[in-house]
Amino acid sequence: MKFIIQRVTQAKCEVNNVVTGQIQKGFCVLIGISETDNEHIADKMMKKLLGMRIFSDANGKTNLSLQDVDGELLLISQFTLYADCRKGNRPSFVHAGNPELAKRLYEYIINQCKLQVPVVQTGIFGADMRITLTNDGPFTIVLDSEELNL
């Protein structure tokens with residue numbers, strides 16, 4: 001599982017010119033799910049995400065979490081995070097989770113995050129989405145379950 005976490009001052013997802021999710025200060029998270037992912041991995045990734053202390057405190061140090069700043073979440077499914085570009089110029093997506101598994105885990109992540117974060121907005125799984133955001137910093141973190149001690 002991969003999360004691309006962007007600290008934002010605002011972010012929005014549109015599908016067919018209709019806003020499906022919009023947040024102010026918080027995280028815009030692109031979520032990639034592989035064929036080997038499961039709820040256990042998702043739980044560990046969410047714990048890391050929600051505990052991430054990358055907001056500035058009164059002294060300008062990145063020391064505050066999403067909860068500390070009453071931050072919001074915009075969660076976007078993005079299978080292209082599993083693009084394999086080693087051969088040729090056309091990426092392969094063989095390592096991305098099958099749509100049924102990926103949708104189930106994406107929805108699981110959304111529901112679990114809603115238990116801990118008051119404002120959780122989303123894109124639409126499998127849709128052609130337009131994401132606009134203002135990256136604050138810029139501050140972007142890549143979480144990869146393969147690189148974490150899960």
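This is a predicted model: local features need pLDDT of at least 70, side-chain atom pairs count only at pLDDT 80 or more; totals for chains, interfaces and linings use all residues.
Visitor: How many residues does helix 2 have, and what distance does helix 2 reach from its first C-alpha to its last?

Guide: Helix 2 runs over residues 99–114, which gives 16 residues. At 1.5 Å a residue the expected reach is 22 Å, and the reach from the first C-alpha to the last is close to that expectation. The answer is therefore 16 residues, with a reach of 22 Å.

Visitor: Where around the axis of helix 2 do the buried residues lie?

Guide: The buried residues of this helix are Leu 101, Ala 102, Leu 105, Tyr 106, Ile 109, Ile 110 and Cys 113. Because they cover an arc of only 165° around the axis, they lie on the same side of helix 2.

Visitor: What covers the buried residues of helix 2?

Guide: Both a helix and several strands take part in this cover, and helix 1 (39–51) is one of the elements included. The strands included in the cover are strand 1 (2–15), strand 3 (26–32), strand 6 (72–77) and strand 7 (120–122).

Visitor: Which residue caps the N-terminal end of helix 2?

Guide: At this end of the helix, the backbone nitrogen of Glu 100 has a side-chain oxygen 3.0 Å away.

Visitor: In the salt bridge of Asp 136 with Arg 7, is Arg 7 buried or exposed?

Guide: The closest N and O atoms of Asp 136 and Arg 7 are 3.4 Å apart, and the pair links strand 8 (residues 129–144) with strand 1 across 129 residues of the chain. Asp 136 is partly exposed, with a relative accessible area of 26%. Arg 7 has a relative accessible area of 8%, and because buried means under 20%, Arg 7 is buried.

Visitor: How many salt bridges does the structure hold?

Guide: Among them is the pair of Asp 128 with Arg 130, whose closest N and O atoms are 2.9 Å apart, and in that pair Asp 128 counts as exposed at 55% relative accessibility. The number of salt bridges that the structure holds is three.

Notes
Residues are numbered from 1 along each chain as its sequence is written. Side-chain values use heavy atoms; hydrogens and water are left out. Helices (H or I, at least four residues) and strands (E, at least two) are DSSP runs, numbered from the N terminus. Buried means under 20% relative accessible area, exposed over 50%, partly exposed in between (1.4 Å probe, protein chains only). The arc is that of the directions from the helix axis to the C-beta atoms. Contact means heavy atoms within 4.5 Å. A polar contact is a pair of N or O atoms within 3.5 Å; within protein, one must be able to donate a hydrogen and the other to accept it, and residues adjacent in sequence count only if both atoms are side-chain atoms. A salt bridge is a side-chain nitrogen of Lys or Arg within 4 Å of a carboxyl oxygen of Asp or Glu.
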